[in-house]
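Let's take a friendly walk through a protein model, looking at charges, rings and neighbours. Keep the 3D view open as you read.

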Amino acid sequence: MSAPRRAAVLGSPIAHSLSPVLHRTAYAELGLEGWTYDRFDVDEEALPGFFEKLGPQWAGLSLTMPLKRAVIPLLDEISETAASVDAVNTVVLTEDGRRTGDNTDIPGMVAALREHGIEKVETAAVLGAGATASSALAALARICTGEVVVHVRSEARAAEMRGWAERLDVEVRIADWADAAQALRAPLVVATTPAGTTDALAAAVPEMPATLFDVLYDPWPTALAARWSAYGGAVVGGLDLLVHQAVLQVEQMTGCAPAPLAAMRKAGEHALADR
């Protein structure tokens with residue numbers, strides 16, 4: 001029996017979030033009676049006010065866009081992992097009021113790949129250059145021994161990715177989005193773009209593809225993931241990432257480990273099937 005505690009996911013928009021399903025499943029499996037996990041539509045402007053109202057019953061927060069950078073000034077400290085990409089997706093709140101930020105997306109990506117047998121790769125390709133791409137680079141810094149080719153649409157994005165590469169100590173080569181089909185021959189392809197962006201690339205999937213990590217989970221499968229799988233390639237999906245990063249969040253917020261990965265994934269699959 002544990003004392004009642006609260007947790008939630010914040011972001012805007014937030015109605016689509018699967019986090020409540022995953023975390024509530026974990027609480028049930030772990031026997032954490034009285035623990036609740038909600039969702040709140042909070043934008044950058046409203047975030048400081050939300051934090052001001054947090055009481056000692058709060059154990060943690062999950063953060064999605066557009067709050068992952070906006071939250072940093074409101075915290076007492078952040079982990080090295082979060083600092084490496086200036087992005088926090090997890091806040092642990094102690095009863096004495098201390099607020100600590102972390103980023104579970106990065107180790108979540110590594111864990112999702114490891115689960116599919118990918119522990120080291122010689123080279124990799126990243127499609128896209130947004131916020132998720134920086135986390136992908138940070139994950140690849142841990143498992144890729146050689147060059148990462150990043151396909152971008154603009155010089156501004158190219159400059160951003162060069163900056164992240166230098167900061168993360170990753171060997172990066174920038175390539176034009178027009179040549180993105182060439183990326184599909186890499187040992188590991190990480191697609192970090194919004195829904196629909198990679199659909200046109202599906203026709204370019206090679207006959208014997210290696211591994212695709214597509215960070216989307218709804219809609220699923222993407223056209224690229226479907227073709228990749230049909231051609232016999234290994235596919236790691238956004239739900240894999242979502243579950244693995246949530247497992248780490250649950251463990252940090254509750255102090256209970258290991259979190260029930262299999263039950264959380266099953267709950268996520270059922271929730272997606274019902275949409």
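This is a predicted model: local features need pLDDT of at least 70, side-chain atom pairs count only at pLDDT 80 or more; totals for chains, interfaces and linings use all residues.

Residues are numbered from 1 along each chain as its sequence is written, and side-chain values use heavy atoms, with hydrogens and water left out.

**Salt bridges**

A salt bridge here is a side-chain nitrogen of Lys or Arg within 4 Å of a carboxyl oxygen of Asp or Glu. With this rule, the model has 12 salt bridges. Three of them are set out here.

| Salt bridge | N to O distance |
|---|---|
| Glu155 and Arg162 | 3.0 Å |
| Arg157 and Glu160 | 3.4 Å |
| Arg265 and Asp240 | 3.4 Å |

To say how covered a residue is, we use relative accessible area: buried means under 20%, exposed means over 50%, and partly exposed is in between (1.4 Å probe, protein chains only).

Where do Arg157 and Glu160 sit relative to each other? They are three residues apart in helix α6 (residues 155-168), so about one helical turn separates them. Helices here are DSSP runs of H or I with at least four residues, strands are runs of E with at least two, and both are numbered from the N terminus. Arg157 is partly exposed, with a relative accessible area of 37%, and Glu160 is partly exposed too, at 39%.

Next comes the salt bridge between Arg265 and Asp240. Arg265 belongs to helix α9 (residues 261-273) and Asp240 to helix α8 (residues 238-254), so this pair ties together parts that are 25 residues apart in sequence. Are these two residues buried or exposed? Both Arg265 and Asp240 are buried. Elsewhere, a network of salt bridges links Arg6, Arg24 and Asp38.

**A charged patch**

On the surface, Asp41, Asp43, Glu44 and Glu45 gather in a patch of negative charge. A patch is made of residues with over 30% relative accessible area and no salt bridge, with like charges joined within 9 Å and nonpolar side chains (Val, Leu, Ile, Met, Phe, Trp, Tyr) within 5 Å. Glu45 lies in the loop between β2 (36-41) and α2 (47-52). Why does Glu45 count as exposed? Because its relative accessibility is 74%.

**Aromatic rings**

Rings of Phe, Tyr and Trp (its six-membered ring) pair if their centres lie within 6.5 Å; planes under 30 degrees apart count as stacked, over 60 as edge-to-face and the rest as tilted. The count by this rule is four aromatic pairs. One of them is the tilted pair of Phe40 and Trp58, with 6.4 Å centre to centre and 55° between the planes. This pair links distant parts of the chain, since Phe40 is in strand β2 and Trp58 in strand β3 (residues 58-63), 18 residues apart. Phe40 is partly exposed because its relative accessibility is 27%, while Trp58, at 4%, counts as buried. Ring pairs also join Phe40, Phe50 and Trp58 into a cluster.

**Neighbours across the chain**

Finally, find Val149 in strand β8 (residues 148-152). Val149 counts as buried because its relative accessibility is 12%. Its C-alpha atom is separated by 6.6 Å from that of Ala175, 26 residues apart along the chain.

Notes:
Accessible areas come from the Shrake-Rupley method with a 1.4 Å probe; for residues, only the protein chains shown count as cover. Lys and Arg count as positive and Asp and Glu as negative; His and the chain ends are not counted. The place of a charge is taken as NZ of Lys, CZ of Arg, CG of Asp or CD of Glu.
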